[in-house]
Amino acid sequence: RTKIFNVTVSDLMKINPNDLSVPPSLSSKDYELLRHIHTMHPTLRSQDESWNPWGIHYTQGHINSASASKLFSDLTSENLLDKGASLDQNEHFRLEGQEFLPLYEGKFIGQVNHRFGTFEGVSIQNRFGTKAKPNYPSESQYANPSYEIKPRYWLKKKDALDVFDKKGTNFSWLFSFRDVCRAIVDARTVQACVLPQLPCVDGGPLLVFEDNPHSSAIAALFFNALWSSFILDYSARQKIPGAHLTKAIAYQLPIPTQKTLKEKFLASTVLDFVGPRSLELTYVTYSL
């Protein structure tokens, strides 16, 4: 494979129209495939929202894990239990009339799986730090529809409701993905899922649907399928230069519009086909 290939401005206007950045494709063949994909499908949206057919925007989680750490840094299971808090089956703590919600991190998210990682069974010595590794639920835990992962931190419900309102995430569900991704090492570069309406730190960015609840739920079903596709994952691998799926990259991923899906699909309607299959992949255990 040759490592040298031509990149034109007209190509970049299709592939990365927001910033005209050159994709770090590994070969000329990869670049040609990426260019062909973008000939077939446009990017998700423009930076200025002049192109936004899905009515969507990115937000880097609900709270910044560094600047807003005072909201949750002392709300660990040990500290809450020491204060006399009780834990319910949804991993919500309750103490003196206050409720504390699990604080979600990107490492809890897998492909169409909001119960991918858990800190259950991880010692306190290994649980905290920038690269703390979670355990993975067992098959028997996955088979339990009431099973919830155990986070490192919790957040007061009143603080969670404040950030939900501030970020515009007022549905009973969220669409989130892992910020950290490794295009070469990981089997899947893009790992996204629908999860309950819970507070998320910046390692779990959100795509926020701006339409009414019904239309947004349908759009999220499409996204649950589209963001699981091999084509989108392959395209992301060609575009990510480091280890983060950033806002700039997310906005410039190739995504067919709903209009295109309806026109090109061979079955009776695309939603009749995609809807039930996407629902089978979507399991949200509870809502607030």
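One cavity of 30 Å³ or more was counted. The structure is a predicted model, in which local features need pLDDT of at least 70, side-chain atom pairs count only at pLDDT 80 or more, and totals for chains, interfaces and linings use all residues. Residues are numbered from 1 along each chain as its sequence is written, and side-chain values use heavy atoms, with hydrogens and water left out.

On a 1 Å grid over the protein atoms alone, a cavity is a set of points where a 1.4 Å probe fits but cannot get out, whereas a pocket is an open set with protein on both sides within 12 Å along at least five of seven lines; lining residues have an atom within 4 Å of a point. Grid points are joined across faces, edges and corners, and a volume is the space filled by probe spheres set on the points.

The largest cavity holds about 70 Å³ of space. Its lining consists of Gly-168, Thr-169, Asn-170, Phe-171, Trp-173, Leu-174, Phe-175, Leu-207, Val-208 and Phe-209. At least two lining residues come from each of strand S6 (173–177) and strand S8 (206–209); helices (H or I, at least four residues) and strands (E, at least two) are DSSP runs, numbered from the N terminus. The lining of the largest cavity comprises seven nonpolar, three polar and no charged residues. In this classification Ala, Val, Leu, Ile, Met, Phe, Trp, Tyr, Cys and Pro count as nonpolar, Asp, Glu, Lys and Arg as charged, and the others, Gly among them, as polar.

Trp-173, one of the residues lining the largest cavity, lies in strand S6. With a relative accessible area of 16%, Trp-173 is buried, a term that means under 20% relative accessible area, while exposed means over 50% and partly exposed in between (1.4 Å probe, protein chains only). The C-alpha atoms of Trp-173 and Val-194 are 6.7 Å apart in space, although the two residues are 21 residues apart in sequence. Leaving aside residues up to four places away in sequence, Trp-173 touches Val-194, Leu-195, Pro-196, Gln-197, Phe-209, Ser-216, Ala-217 and Ala-220, where contact means heavy atoms within 4.5 Å.

The largest pocket has a volume of about 860 Å³. Its lining contains 28 residues, and Lys-107, Thr-130, Lys-131, Ala-132 and Val-180 lie nearest its centre. By class, 11 of the lining residues are nonpolar, six polar and 11 charged.

Asp-30, Tyr-31, Leu-34, Ile-37 and His-38 are the buried residues of H2. Seen down the helix axis, these buried residues fall within an arc of 120°, so they line one face of H2; the arc is that of the directions from the helix axis to the C-beta atoms. An α-helix has 3.6 residues a turn, so residues three or four places apart point the same way. Exposed residues Lys-29 and Met-40 are carried on the face of H2 turned away from its buried side.

The cover over the buried residues of H2 includes helix H1 (9–15) and helix H8 (230–239). In H8, the buried residues are Leu-232, Asp-233, Ser-235, Ala-236, Gln-238 and Lys-239. These pack against H1, H2, helix H7 (213–226) and helix H9 (247–251).

Most residues other than glycine have a negative phi. Glu-96, which is not a glycine, has a positive phi of about 50°. Glu-96 lies in the loop between strand S3 (93–95) and strand S4 (98–102) and counts as exposed at 76% relative accessibility. Val-112 likewise has a positive phi, near 45°. Val-112 is placed in the loop between S4 and helix H4 (124–127), and its 22% relative accessibility makes it partly exposed.
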